[in-house]
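Open the model in your viewer and keep the selection tool at hand. Each stop says what to select and what is there.

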Amino acid sequence: MKVVFAGTPEFARVALEQLLAAGLEVPLVLTQPDRPAGRGMKLQASPVKQCALAHGIAVSQPLSLRLDGKYPQEAAAARAALLAAQPDVMVVAAYGLILPQWVLDLPAKGCLNIHASLLPRWRGAAPIHRAIEAGDAQTGVTIMQMDAGLDTGDMCLVEALDIAADDTTASLHDKLADLGGRMLVQALALSAEGRLQREPQPAEGITYAHKIEKAESTIDWTLSAEQIDRRVRAFNPFPAASTRVGDEVVKIWAAQPERHAPADAVPGQVLAADGQGIVVACGEGALRISALQRPGGKRLQAADFLRGHTLQPGQVLGDDRLSVAAP
């Protein structure tokens, strides 16, 4: 089969590499236009584009695929490239553009999507983040036959994966990317043999994984320690949970919830600050912070952070105007 691949970030690159390793023919890759990145804000190719060029695969980077949209010439050029590639199937993984109906209809076997959740739970843009934030015990990958809706197509293959207590979005991303690539190769083999089955998604249990906003990163210390721990892990690596410490906004990279805190402790109050970590009272329980990062600095373990930044029991994080008596 000829496979056109559409994807942009690292999650998609892993799948493309696995397709190529399996010997599938990929005549064309679609990916997002190069974007400014890094300290110098130089244009940088997406991980998928870098992979495609390394393997000598043609790349198309339209700003839109809508023939009647804002960029009709780019859409028309992409359409010509797709027609020339004569794909049997199109694979989509975190591409970042909406596929109009003409794209869905163009390959003989339609378009397959790798979605990092157990659909219909966590349809949408940020399924890995939201699964961790919600405290889900499991997530997984769904290989879906795409339709015009938002992650509403029929399910072809589904495989669950346990979420570990210390999983971050970064670690879970890597596990799901590898799983998704392996499942995709399996799905394409079944499709080539005419044995890929489809099943409608259940009508119940639908949730939406809305895009992560940077404003969500600020820690609300009135939440329970377990909730804050989940947010710290869900927002690692982006946008990174943060709190005000004195006159600085400090990123929190790792923490562990503790069940007990003094009954009279104020949410955000520092209970202890030593080589074992920085213990902060929450709305319920306490959080032991073990890795932090000051603005412009490196990520540090709590003991190293405290060598250059004084924190006293009784100080209240999130509001430098407040302090209470040490416990």
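Select C111 and C156. The sulfur of C111 lies 12 Å from the closest cysteine sulfur, that of C156, which is too far for a bond. A disulfide here means a pair of cysteine sulfur atoms within 2.5 Å. By this rule the count is zero disulfides. A disulfide is a covalent bond between the sulfur atoms of two cysteines. C111 is buried, at 1% relative accessible area. C156 is buried too, at 12%. The cut-offs are these: buried is under 20% relative accessible area, exposed is over 50%, and partly exposed is in between (1.4 Å probe, protein chains only).

A note on the source: this is a predicted model, in which local features need pLDDT of at least 70 and side-chain atom pairs count only at pLDDT 80 or more, while totals for chains, interfaces and linings use all residues. Residues are numbered from 1 along each chain as its sequence is written, and side-chain values use heavy atoms, with hydrogens and water left out.

**Whole chain**

Zoom out. The C-alpha atoms fill a box of roughly 70 × 45 × 35 Å along the principal axes. Buried residues make up 48% of the 327 residues in the chain. Colour by secondary structure: there are eight helices and 17 strands. Both are DSSP runs numbered from the N terminus: helices are H or I with at least four residues, strands are E with at least two.

**Salt bridges**

Now show the charged side chains. Side chains of opposite charge can pair when their charged atoms come close. The rule for a salt bridge is a side-chain nitrogen of Lys or Arg within 4 Å of a carboxyl oxygen of Asp or Glu. The structure holds 16 of these salt bridges.

Start with R13 and E17. Their salt bridge has its closest N and O atoms 3.4 Å apart. Both residues lie in helix α1 (residues 10–21), four residues apart, about one turn of the helix. R13 is partly exposed at 23% relative accessibility. E17 is partly exposed as well, at 28%.

Next, select R231 and E133. Their side chains meet in a salt bridge at 3.4 Å, N to O. R231 sits in helix α7 (residues 225–234) and E133 in helix α5 (residues 127–134), so the pair ties together parts that are 98 residues apart in sequence. Is E133 buried or exposed? E133 counts as buried, at 16% relative accessibility. R231 counts as partly exposed, at 29%.

R130, E133, E216 and R231 are linked in a network of salt bridges.

Move to K175 and D167. These side chains form a salt bridge at 3.0 Å, N to O. D167 is buried, with 2% relative accessible area. K175 is partly exposed, at 36%.

**Charges over rings**

Select R299 and W253. R299 lies over the face of W253, 3.8 Å from the ring centre. Then select R79 and W102. R79 lies over the face of W102, at 5.9 Å from the ring centre. The test asks for NZ of Lys or CZ of Arg within 6 Å of the ring centre and within 35 degrees of the ring normal.

**Backbone stops**

Go to L119 and P120. A cis peptide bond joins them, with omega about 15 degrees. P120 is in the loop between β7 (111–115) and β8 (123–124). Stay there and pick W122, which is also in the loop between β7 and β8. Its phi is near 60 degrees, a positive value in a residue other than glycine. W122 is buried, at 11% relative accessible area.

P237 is in the loop between α7 and β12 (241–245).

Jump to Q86. Its phi is positive, about 50 degrees, although Q86 is not a glycine. Q86 lies in the loop between α3 (72–85) and β6 (89–93). At 55% relative accessibility, Q86 counts as exposed.
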